[in-house]
Amino acid sequence: MLDHILSILIFFPALAAVFGFMIHKDSMRAYGITVSLIEFGLSLLLWYAFDNNVSGMQFMESIPLIPSFGINYTLGVDGISLFIIILSAFFTFIGIASLTDTPNIKYMIITLLFLQMTMAGVFAALDAIVFYTFWELSLVPMLYIIGAWGGPLRIYASIKFFLYTFAGSLVMLVGMLFMAYFYYQATGVWSFAILDWYRLILPESFQLWLFAAFFIGFAIKVPMFPFHTWLPYAHGQAPTIGSVILAAILLKMGTYAFIRFSLPLFPDASAYFMIPVAIIATIMVIYTAMVAYAQKDIKQVVAYSSISHMGIIIIGIFALNVEGISGSIFLMLGHGVVAGALFLLVGVIYDRRHTKLMSEFGGLAHVMPRYAAIFGLMLMASVGMPLTINFVGEFLSLLGFYQQSHIITLLAGTGIIVGAIYMLAAYKKMFFGEITKEVNKTLKDVNVREWFALIPLGIITIWLGIYPKPVLGPINNSVEAIVQLMHNKSTTELAKERIPDLTKHKILIIKKTTVEEVK
């Protein structure tokens, strides 16, 4: 079974979704929870069987699809993708378990199961065409979730989401076709296998153009400034479960793809564009933090805050060193947990009041103390308080980039300070002071179903904030392999200067220890 566990993780939810059409709508919630729990259990089995000491790919599968063009169904996981796959299965389970009385709940659950298939596929694919197929397929269920169950502007939001991400993906596809062509020119054999492409050293001029093609596809997905305008609409109009999955998993596809494709394939171009990308990310951090402060709708505050934190992830990735990239992957997980929890919490209050305007609340801590406590915990994690999950990722990401540019790191750090200001201001408006609206006096605190979704997220937030090693260890091993590959492939002086040589670093440490032992 373990030989094909990745295929099972991908296609089990899709098969269950097909059978879901035959399930009665009254039994659908129990069916969805059972299927997603099995999927989550399989992802934990994957972690259990994963060898933390191996930096390369594990559980690899390969089936020829179009051998003449080197297109194969190739899957595998390493420390970089393992935990994002687990996170996607976890949020599908949490999302289905926390669903309220949604109209047409049967079709919502079927859509979520299909979406889980595409998410697992993106993070496990090691063939560019298979990756691209799952990447594009993930748009369809999310388009349906926003368009069918969203707010008043749902059609506008869903079409804008689709057009932005689809247009970026087409440019990325052109880049992929060129990569396969260059591989054919070099070896005489067609291949879309990402691990084969890693062996290819391209001239810097080619790298710059290909980096730009991939960058557009990934930057729109993240979304990076100035391609970010689709996200606040998508979040604002999506139902709670749509926002949770979008923030927790779908945005991570873009940042994951930078690490899987852009850095190892184009190390010279990554070093060349490091500072421009970091400047865009810093603008993204500060600008969206300020926009978040101006919002009146609590869901929009969380949405813009989400974009701001994605900027820190980009800065960590383009540090091009082990600390920065490992920190950015850990922050992807932290941001997924915290942003997902915050959107769930916004959904809790929306279910009771059917408004997201902060002016409609005030003094909620008096009537909903448990809700105020869990919201406060997630808010503190969001602003990067020490001993919470986001602090570890943000600290490592900024520490990594500090080695490249002190000034940019300092500016990005101010964005985190602005984040604390708008989050605490929003919390004050909603939870402190007197209850001004009569209707708020009768609000019920979080119920058992909501606790069931929120408590695991609270535990993960504190546990990985205090002891991140079980997750950070495997991530670090795989990142070291990527960084060393990038250094070995570097052809320009700039890239060799910005991307560290880890073998040299390790020899120095051994020599130092030996000298001390001699003394």
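At 0% relative accessibility, F218 counts as buried, and F214 is likewise buried with a relative accessible area of 0%; here, buried stands for under 20% relative accessible area, exposed for over 50%, and partly exposed for values in between, with a 1.4 Å probe and protein chains only. The structure is a predicted model, in which local features need pLDDT of at least 70 and side-chain atom pairs count only at pLDDT 80 or more, while totals for chains, interfaces and linings use all residues. Residues are numbered from 1 along each chain as its sequence is written, and side-chain values use heavy atoms, with hydrogens and water left out.

F214 and F218 lie 4 residues apart in helix α9 (residues 204–221), a separation of about one helical turn. Helices (H or I, at least four residues) and strands (E, at least two) are DSSP runs, numbered from the N terminus. An α-helix has 3.6 residues a turn, so residues three or four places apart point the same way. The aromatic count for the model is 41 pairs, where rings of Phe, Tyr and Trp (its six-membered ring) pair if their centres lie within 6.5 Å, and planes under 30 degrees apart are stacked, over 60 edge-to-face and the rest tilted.

Salt bridges come next, defined by a side-chain nitrogen of Lys or Arg within 4 Å of a carboxyl oxygen of Asp or Glu. The count comes to 4. In one of them, D78 is joined to R260, with the closest N and O atoms 2.8 Å apart. D78 lies in the loop between β2 (71–77) and α3 (79–97) and R260 in helix α12 (residues 252–265), so this pair ties together parts that are 182 residues apart in sequence. D78 is buried at 3% relative accessibility, and R260 is buried at 1%.

E450 and R352 form another salt bridge, the closest N and O atoms being 2.9 Å apart. Here E450 is in helix α21 (residues 448–466) and R352 in helix α16 (residues 322–353), so the parts tied together are 98 residues apart in sequence. E450 counts as buried at 6% relative accessibility, whereas R352 is partly exposed at 22%. The side chains of D196 and R199 also meet in a salt bridge, at 3.2 Å from N to O; D196 is partly exposed, with a relative accessible area of 22%, and R199 is exposed, with 60%.

Turning to the interior, helix α11 (residues 240–250) has 10 of its 11 residues buried, so it is largely enclosed by the rest of the structure. Among its buried residues are I241, G242, S243 and V244. G311, in helix α15 (residues 298–317), is buried with a relative accessible area of 0%. Not counting residues up to four places away in sequence, G311 touches A281, M284 and V285, contact being heavy atoms within 4.5 Å. G311 and M332, 21 residues apart in sequence, are 11 Å apart in space, C-alpha to C-alpha.

S382 belongs to helix α18 and is buried at 3% relative accessibility. Leaving aside neighbours within four places in sequence, the contacts of S382 are S305, H309, V338, L342, N390, E394 and M423.

Beyond this helix, L387 falls in the loop between α18 (369–382) and α19 (389–402). L387 is exposed, with a relative accessible area of 55%. Together with I455, I459, I462, W463, I466 and Y467, L387 forms a nonpolar surface patch with about 690 Å² of accessible area. Patches are made of residues with over 30% relative accessible area and no salt bridge, like charges being joined within 9 Å and nonpolar side chains (Val, Leu, Ile, Met, Phe, Trp, Tyr) within 5 Å. Accessible areas come from the Shrake-Rupley method with a 1.4 Å probe, and for residues only the protein chains shown count as cover.
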